[in-house]
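The following text is intended for a reader who meets this structure for the first time.

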Amino acid sequence: MSSPPKVLAILGAGAWGSALAGLARYKGHQVRIWSPSLGNSIEEVVADVDLVLSAVSMPGVSPTSTQIQSIKLKENIPIVTATKGLDTETTFTPSQIWSSRCSDHPIVVLSGPNLSKEIEQELPATTVVASEDINAAKIVQQVFSSKRFRVYTSSDPVGTELGGTLKNVMAIAAGVCDGLHLGMNAKAGLLTRALPEIIRIGTHLGGQTETFFGLSGLGDMLTTCSSDLSRNYRVGYGLAQGKTLEQVLSDLGSTAEGVNTTNVLIEIARREQINVPISGQVYRLLNNQISPQEAVEALMERDLKPEFSEKTIPPKL
Ligand SMILES: NC(=O)c1ccc[n+]([C@@H]2O[C@H](COP(=O)([O-])OP(=O)(O)OC[C@H]3O[C@@H](n4cnc5c(N)ncnc54)[C@H](O)[C@@H]3O)[C@@H](O)[C@H]2O)c1
Ligand SMILES: O=P(O)(O)OC[C@H](O)CO
C-alpha cells in the first residue's frame with residue numbers, strides 16, 4: 001500500500017536534504033526546499049504542506065525550530081528530523097529541541113546507514129523512522145518507502161537518533177585506525193568495543209538497548225566507519241596522516257558533525273560520570289592534547305579487565 005502524493009517542505013539544502021528530496025520526488029511527492037543559502041521565505045515554503053522535514057546541520061536546529069514554532073502549520077502534521085548531532089548549548093538531541101518548540105506536532109526521527117552520495121547514485125538503502133507517535137512514524141514510512149529506500153518504524157526516537165549521532169565519534173576513531181594502517185584486527189577490536197560504549201551512553205540518555213543493535217545504531221556505525229564517503233571517517237583519516245583539524249575540515253568543505261558531537265559528549269560524560277574510553281581519546285586528539293599514535297597507545301594500555309561486566313553493557317543483555 002502506498003500513500004497518495006503529498007506536499008513536503010525540506011529545511012536544509014545540503015547533501016542530506018537534497019538526497020531526501022530526491023527520494024521523496026521519486027515517490028511522486030511534491031517537494032519544496034528551504035535554506036538560508038537559497039534566500040527564500042520559510043513561511044512560504046511550509047505553507048499548507050503535509051510534512052516538514054529538517055535536514056539542517058546541528059547549528060541550524062535551534063534557529064530553524066524557533067522559526068517554525070512561530071508559524072501556523074497544517075494541524076498535526078509530522079515534523080521529521082534527520083540531523084545527527086548534539087546541541088552545544090543544551091546538550092539536547094535534535095528531536096528533543098524540536099519537541100520542546102513544536103509540541104503540537106508529532107516529531108519523527110529519520111536515521112540509518114545513509115551516505116547521501118550512495119543514495120544519489122540510486123543504490124539501495126535502509127533507514128528507521130522513530131516516534132513516540134507510531135502513527136506519525138507509519139505516515140513517514142509510507143512517504144519515503146520505495147524499491148530504493150526500505151524504511152522501518154521504531155518507537156524509540158532518542159535511541160534512534162543517538163545511534164546515528166554517537167557513531168560519528170567512532171567514525172573519527174575508525175578513520176584514525178585506517179589512516180595509521182593498523183590492520184583489520186585493530187579495526188574489529190575498535191568497532192566491537194565502540195558498540196558497548198555507544199550503548200552505555202545512549203541508554204543513559206534514554207535510548208533503548210535493542211535500538212543500538214539495529215540499523216540506526218550498529219548499521220550506521222558499520223557504514224560510516226568503513227567508507228571514505230563519510231566525512232567523519234575522513235576527519236580521522238586526515239588527522240592520522242598528520243594534517244591539522246583545521247586543514248582537514250577546510251579540505252572537507254562540508255559538515256562533519258562528529259567534531260562538535262565529541263565535545264558535547266565529553267561534557268555529558270563528565271557531568272553524568274559515564275565511562276567513555278574511545279570517545280575520550282577522540283576528544284583529546286581533536287583538541288590537540290595527544291597524537292593519533294598516543295591515542296592508540298592509551299587505549300591499548302588501559303587497566304586490564306574482563307570483556308563483559310555490568311559496566312560494559314547493561315545487565316539486561
Ligand atoms: N550527508 C549525509 O550523508 C548525511 C546522511 C544522514 C544524516 N546526515 C546529517 O544531516 C545533517 C546535514 O548534513 P549535510 O550532509 O546535508 O550537511 P551540509 O553541510 O551539506 O548542509 C548543511 C545544511 O544545513 C544548513 N544550515 C547550517 N547552519 C544553519 C543555520 N544556522 N540555520 C539554518 N540552516 C543551517 C545549511 O544551509 C545547509 O543547507 C547533519 O546533521 C548530518 O550528520 C547527513
Ligand atoms: O558523512 P558523514 O560522516 O556525516 O556520515 C553520513 C551519514 O551519517 C551516514 O549514515
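The model is a predicted one. Its protein chain is assigned two domains, domain 1 (7–155) and domain 2 (158–300). Taken over C-alpha atoms, the centres of these domains are separated by 24 Å. Where the domains touch, domain 1 contributes 25 residues and domain 2 contributes 28 residues. On the side of domain 1 that touches domain 2, at least two residues come from each of helix 4 (94–101), strand 5, helix 5 (116–120), strand 6 and strand 7. Strand 6 gives the most to this side, namely four residues.

How many of the six residues of strand 6 are buried? Five of them are, so strand 6 (residues 125–130) is largely enclosed by the rest of the structure. A residue counts as buried when 20 or more other C-beta atoms lie within 10 Å of its own. Strand 6 pairs with strand 5 (residues 107–111) in the antiparallel sense, over three bridges. Within this pairing, L110 has V129 of strand 6 as its bridge partner. Strand 6 also pairs with strand 7 (residues 149–154), here in the parallel sense and over six bridges. One of the bridges joins A125 to F149, the latter being in strand 7. In a regular strand, the side chains alternate between the two faces of the sheet.

The description now passes to the ligands. Ligand 1 is surrounded by 27 residues, of which G14, W16, G60, S116 and T255 are the closest. Helix 1 (15–26) and helix 3 (58–69) each supply at least two residues of this shell. Which of the elements provides the largest share of the shell around ligand 1? That element is helix 3, with five residues. By class, the shell around ligand 1 comprises eleven nonpolar, 14 polar and two charged residues. Domain 1 and domain 2 each provide at least three residues to the shell around ligand 1.

Around ligand 2 there are 14 residues, and those that come nearest are N114, T224, S230, R231 and N232. Two or more residues of this shell are given by each of helix 7 (157–179), helix 9 (215–226) and helix 10 (231–240). The shell around ligand 2 consists of three nonpolar, seven polar and four charged residues. At least three residues of the shell around ligand 2 come from domain 1, and at least three from domain 2.

The last point concerns a single residue. An unreviewed UniProt entry carries the annotation "active site" for K167. This residue, K167, lies in helix 7, an element that also gives two or more residues to the shell around ligand 2. Is K167 buried or exposed? K167 is buried, because 33 other C-beta atoms lie within 10 Å, and the threshold for that class is 20 or more. Apart from its neighbours within four places in sequence, K167 is in contact with I198, D220, M221 and T224.

Technical notes: Residues are numbered from 1 along each chain as its sequence is written. Chains are lettered from A and ligands numbered from 1 in the order in which they are written. This is a predicted model: local features need pLDDT of at least 70, side-chain atom pairs count only at pLDDT 80 or more; totals for chains, interfaces and linings use all residues. A residue is near a molecule or strand if its C-beta atom, placed from the backbone, lies within 6 Å of it. Ala, Val, Leu, Ile, Met, Phe, Trp, Tyr, Cys and Pro count as nonpolar, Asp, Glu, Lys and Arg as charged, and the others, Gly among them, as polar. Domain bounds come from an automatic or database domain assignment. UniProt positions are given in the numbering used here, feature names are shortened, and annotations may be inferred rather than shown by experiment. A residue is buried if 20 or more other C-beta atoms lie within 10 Å of its own, exposed if 12 or fewer, and partly exposed in between; C-beta atoms are placed from the backbone. Two residues are in contact if their C-beta atoms, placed from the backbone, lie within 7 Å. Two strands pair if DSSP finds at least two bridges between them.
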